[in-house]
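Biologist: I would like to learn how to read salt bridges and pockets in a model like this one. Could you take me through them one at a time?

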Amino acid sequence: MQPVAIGLLGLGTVGAEVARRIEDRQGAFARRIGRTVIVRKVAVRDPQKPRNVPIPADRYITDPIQVATDPETTLVIELMGGIEPARTAVLAALEAGKDVVTANKALLAEHGAEIFAAARRAGRSVAFEGAVGGGIPVIHAISVGLAANRFAALAAILNGTCNFILSSMARSGLSYAEALRQAQELGYAEADPTLDVDGTDTSHKLAILAQLAFGASVTTDMIPRQGIDTLQSSDIQYAAELGYTVKLLAVARDHRDAGLELRVAPRLVRRGSPLAEVSGPDNAIRTIGEPVGSNLMSGPGAGAGPTASAVLADVIDVIIGRAALTARSLDLWPADAPAPRLCSPRDVRGRSYLRFMIADRPGVLGTIAQVLGQHGVSIASVIQHDPGEDDHPDAPVPLVIMTHPASEADLVAALQAIDFLPIVTPPSIRLGVED
Ligand code: NAP
Ligand code: HSE
């Protein structure tokens with residue numbers, strides 16, 4: 001039988017690993033799909049770059065559209081990243097009658113509707129297990145294994161770079177900059193790491209998961225987003241004093257009549273709870289569904305090996321026809337899907353960690369407590385340390401408050417009012433607690 005001929009777009013961290021694994025997993029492919037697999041053409045930006053991959057240099061081409069539409073190939077794997085030229089190449093591949101495998105969450109989150117409409121028109125499939133959760137088969141789990149459930153909520157750690165940075169800062173005392181550099185060297189980070197640390201990458205992944213779990217046409221502009229780039233290491237230490245770990249979480253909750261709550265933000269997670277124990281570049285996805293109950297999937301969330309594992313599983317699924325069946329039964333990104341009803345901050349309640357920088361004077365704590373009380377926010381505990389020996393006597397000092405459950409709208413209004421007080425140096429920090 002003819003080998004499966006692949007057009008590979010991108011030969012970077014993930015693409016190079018996929019190329020190597022295609023070469024050394026030929027026996028497994030032959031057993032699973034009854035055919036061998038070859039990489040026929042590869043799109044790269046710089047054909048002269050030295051690369052440790054078993055592909056002859058004469059297969060490198062700088063035009064991704066030419067690779068995507070090559071008549072000799074039947075399957076295109078897109079691993080260039082970014083929106084363009086990835087979007088045009090994927091659409092061209094589908095139009096030319098090829099199936100597509102991609103790990104490009106930015107592309108799906110921004111242009112999923114257009115791409116899946118093109119796939120339906122062409123009768124081809126688009127598989128994307130590598131786009132969310134790295135090596136954790138979460139797309140398959142939600143769309144196939146848990147397909148009969150009505151999901152009530154999901155809370156997930158979806159960015160390996162951020163989880164690596166937060167774990168390294170909390171456990172090894174690395175600075176934010178050192179931890180980010182290590183994550184880049186290890187191949188976890190996006191080409192532009194701003195997308196990791198400002199929460200954009202996590203919101204792309206949440207948009208995809210919410211689409212699968214809630215059948216809602218979620219776009220990233222619907223997701224309030226806060227990254228870890230505004231977090232201070234002192235917040236990680238105060239959270240630890242209170243018995244919590246800080247994690248960048250993607251959260252989606254179905255509040256039924258009140259709508260869908262969506263957010264990406266650093267949140268406090270009780271130490272010892274399953275999500276708090278997920279460290280390094282690992283990811284985890286906790287779902288609550290009816291009738292299944294609570295499920296937790298965790299594992300390697302970024303990097304060459306885990307992502308290649310997911311991409312190659314998709315290649316097998318596409319070749320044996322399973323990806324087409326799944327896509328058909330899911331009707332992903334339907335063009336006419338209504339926008340979800342989004343929850344108002346008034347309907348979202350929870351505990352919060354608050355940090356104020358205050359003047360170290362009598363009565364300040366009382367003033368802040370009074371403003372919180374006026375907005376219906378009740379205090380559960382307070383931390384204020386003596387100023388350090390080297391601190392200037394007039395320098396503002398941190399005051400940390402843990403609240404009882406309060407509505408998000410009340411908390412936001414209280415912080416705005418407190419930031420106007422002359423005894424406070426804004427901006428005050430609020431991190432939600434994931435209970
Ligand atoms: P990368 O290391 O930056 O590799 C990108 C590759 O695409 C490079 O080989 C580059 O060529 C090629 N390329 C980029 N623009 C091109 C253009 N205009 N024309 C031709 N070739 C082009 O990226 P990566 O980390 O492997 O990520 C690839 C995709 O997988 C992204 O969508 C990313 O979000 C996703 N992903 C990555 C990870 C991870 O841990 N890294 C995990 C899950 C998903 P040159 O080599 O010549 O520069
Ligand atoms: N940059 C991403 C991360 C890659 O760090 O999680 C995996 O999607």
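Modeller: Let us start with one pair, keeping in mind that this is a predicted model. The side chains of R322 and D317 form a salt bridge, with 2.6 Å from N to O.

Biologist: Are R322 and D317 buried or exposed, or something in between?

Modeller: Buried means under 20% relative accessible area and exposed means over 50%. D317, with a relative accessible area of 11%, is therefore buried, whereas R322, at 38%, counts as partly exposed.

Biologist: How many salt bridges does the structure hold, and which parts does the one between K105 and E190 tie together?

Modeller: The structure holds 21 salt bridges. In the one between K105 and E190, the closest N and O atoms are 3.0 Å apart. K105 belongs to helix α5 (residues 105-122), while E190 sits in the loop between α8 (176-185) and α9 (194-197), so this pair ties together parts that are 85 residues apart in sequence. By the accessibility cut-offs, K105 counts as buried at 12%, and E190 counts as partly exposed at 25%.

Biologist: What does the salt bridge between R346 and D410 tie together?

Modeller: The side chains of R346 and D410 meet at 3.2 Å, N to O. Since R346 lies in the loop between α13 (322-330) and β12 (349-350), and D410 in helix α15 (residues 408-419), the pair ties together parts that are 64 residues apart in sequence. R346 itself is partly exposed, with a relative accessible area of 49%. Salt bridges can also share partners, and in this way R253, E261, R263, R267, E408 and E434 are joined into one network.

Biologist: Turning to the pockets, how much space lies in the second largest pocket, and which residues are closest to its centre?

Modeller: The second largest pocket holds about 570 Å³ of space. It is lined by 28 residues, of which A310, L312, A313, D314 and D317 are the closest to its centre. D317 is also the residue that meets R322 in the salt bridge we began with.

Notes
Residues numbered from 1 in each chain as written. Chains lettered and ligands numbered in written order. Predicted model: local features only at pLDDT ≥ 70, side-chain atom pairs only at ≥ 80, totals over all residues. Heavy atoms only, no water. Salt bridge = Lys/Arg side-chain N within 4 Å of Asp/Glu carboxyl O. Helix = DSSP H or I, 4+ residues; strand = E, 2+ residues; numbered from the N terminus. Buried < 20%, exposed > 50% of the residue type's maximum accessible area, 1.4 Å probe, protein only. 1 Å grid on protein atoms, 1.4 Å probe; cavity = no way out; pocket = protein on both sides within 12 Å on 5 of 7 lines; lining within 4 Å. Points joined across faces, edges and corners; volume = space filled by probe spheres on them.
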